Amino acid sequence: MKRRILVFFVLLSCGVLKVNAAEVALLSLFDEPQLESIVNLVAQSNLDTPLSPGQTQESSQQELLALEPDFKGILIYTLLFSITILGFLTIALTKSRRKTRIANQQLAAKNEEIRLKNVDLLQRNEETRLQHEAISAQRKTLEEMNQVKDKMFSIIAHDFRSPLNTIQGVLNLLHMDVLSPEELKNMLPHLTRKVDYSINLLDNLLNWARTQMNGLKVNSITFTLNPEIEETVAVMAQLARQKNIRVEKNIHKDCMVQADPDMIQLVVRNLLSNAIKFTNPGGLIQIDTEPKDGKIIISISDTGIGMDEESLQKLFKQSGYSTKGTAEEKGTGLGLKLCSEFVRRNNGEIWMESKVDEGTTFYFTVPLAEVLEESSYS
């Protein structure tokens with residue numbers, strides 16, 4: 001800006017110094033009659049005296065040139081006044097621009113400060129939201145644990161204690177020699193069911209407690225699936241015979257899987273127990289296996305009472321959901337929860353299909369370790 005003002009003053013000075021040359025050039029542009037008219041006009045406006053008839057052109061030019069200092073002074077004063085005004089305007093404009101620049105810088109700094117505060121506020125809001133979600137998740141977990149705890153105490157107080165009381169009563173009668181051999185023989189199936197139920201319940205409670213305490217570890221090994229299923233079916237055969245239920249197997253004999261054999265046995269035992277529980281006397285239970293996409297699908301189907309869509313939705317989602325079987329067998333609702341957890345821990349999936357009065361089929365998958373090309377069936 002200072003350079004521009006200096007250049008302007010230099011150019012203006014040069015213009016003042018060249019006024020004489022400009023005036024001379026101006027006079028040379030007019031002929032004598034025109035000069036005479038100009039002289040008369042200037043004389044009338046500045047001297048207020050008209051030209052006398054005796055005045056000559058030379059005298060008129062001399063008088064016009066005599067007026068040159070007055071014109072030059074007026075022009076200089078006008079230029080100086082213009083320069084002064086322009087200088088004040090330039091200074092005012094410079095100060096205004098400087099103030100505007102400073103104000104813009106301060107505004108930019110304020111905007112950056114506000115932006116940083118907004119970023120910090122957003123981060124704090126996100127942290128607060130995550131904390132609220134974590135607290136809500138913890139609250140939900142605690143509520144579920146309290147519900148399961150209450151359910152477990154109820155099971156221990158009633159479902160587990162009741163069979164033991166029955167067995168204790170029978171043993172007391174035997175000790176007092178009150179029961180005859182025929183009466184004892186008739187009571188044995190009932191006692192067997194009570195003992196099997198108690199053992200199964202105790203296993204589920206212990207396994208559930210271990211999963212809740214995160215103390216249950218998966219011992220994944222490679223093993224042949226068929227012997228594990230055969231062993232589990234043999235354990236459950238007595239319950240099936242008591243209800244005259246036939247169990248058929250169609251299992252790949254040499255199928256090798258990668259999983260925890262104890263967990264797989266527990267899953268099969270619980271699913272088979274459910275099938276026996278909800279199958280009418282004289283029914284059929286079918287156990288099948290089918291290799292597919294690097295896994296083997298194990299299915300346990302029955303010809304039992306089945307269930308509707310609403311019950312299907314509750315089965316895996318609602319904790320402790322259970323209904324009575326065809327022989328009024330009770331359940332705890334923990335079996336399927338354990339099955340779902342154990343299958344998931346062994347990298348498998350579990351699902352089911354059911355129709356009312358047609359039966360139910362449970363499916364779950366286990367990762368294959370090796371499948372022989374020539375597979376036979378047991």
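## Salt bridges

A salt bridge is a side-chain nitrogen of Lys or Arg within 4 Å of a carboxyl oxygen of Asp or Glu. By that rule, this predicted model holds nine salt bridges.

One of them joins the side chains of Arg129 and Glu126, with an N to O distance of 2.4 Å. Both residues lie in helix 5 (residues 68-159), three residues apart, about one turn of the helix; helices (H or I, at least four residues) and strands (E, at least two) are DSSP runs, numbered from the N terminus. Arg129 has a relative accessible area of 37% and is partly exposed, and Glu126, at 36%, is partly exposed. On this scale buried means under 20% relative accessible area, exposed over 50%, and partly exposed in between, with a 1.4 Å probe and protein chains only. A network of salt bridges links Glu126, Arg129 and Glu133.

In helix 11 (residues 335-345), Glu341 and Arg345 are four residues apart, about one turn of the helix. Their side chains form a salt bridge at 2.8 Å, N to O, and Arg345 is partly exposed at 22%. Another salt bridge, at 3.1 Å, N to O, joins the side chains of Glu248 and Arg246. Glu248 is partly exposed at 31% relative accessibility, as is Arg246 at 46%.

## Basis and confidence

Residues are numbered from 1 along each chain as its sequence is written, and side-chain values use heavy atoms, with hydrogens and water left out. Because the model is predicted, local features need pLDDT of at least 70 and side-chain atom pairs count only at pLDDT 80 or more, while totals for chains, interfaces and linings use all residues.

The average pLDDT (the predictor's confidence in each residue, from 0 to 100) is 75 for the protein, and 68% of the residues score at least 70.

## Overall make-up

The protein has 11 helices and seven strands. Of its 378 residues, 29% count as buried. Contacts between residues at least 6 apart in sequence join residues at least 24 apart in 77% of cases.

Thr232 is in helix 8 (residues 225-242) and counts as buried, with 4% relative accessibility. Its side chain reaches the backbone oxygen of Glu228 at 2.9 Å. Not counting residues up to four places away in sequence, Thr232 touches Gln265, Val268 and Arg269. Thr232 and Gln265 are 33 residues apart in sequence, with C-alpha atoms 6.3 Å apart.

Asp260 is found in the loop between strand 3 (256-259) and helix 9 (261-277). Asp260 is buried at 5%, and its side chain reaches the backbone nitrogen of Asn219 at 2.8 Å. Leaving aside neighbours within four places in sequence, Asp260 is in contact with residues including Lys217, Phe223 and Asn346.

## Aromatic pair

Rings of Phe, Tyr and Trp (its six-membered ring) pair if their centres lie within 6.5 Å; planes under 30 degrees apart count as stacked, over 60 as edge-to-face and the rest as tilted. The count by this rule is one aromatic pair. The ring centres of Trp351 and Tyr363 are 5.4 Å apart and their planes are at 15 degrees, so the pair is stacked. Trp351 lies in strand 6 (residues 350-355) and Tyr363 in strand 7 (residues 359-370), 12 residues apart. Trp351 is partly exposed, with a relative accessible area of 31%.

Terms used: Contact = heavy atoms within 4.5 Å. Polar contact = N/O pair within 3.5 Å; in protein donor to acceptor, adjacent residues only side chain to side chain.
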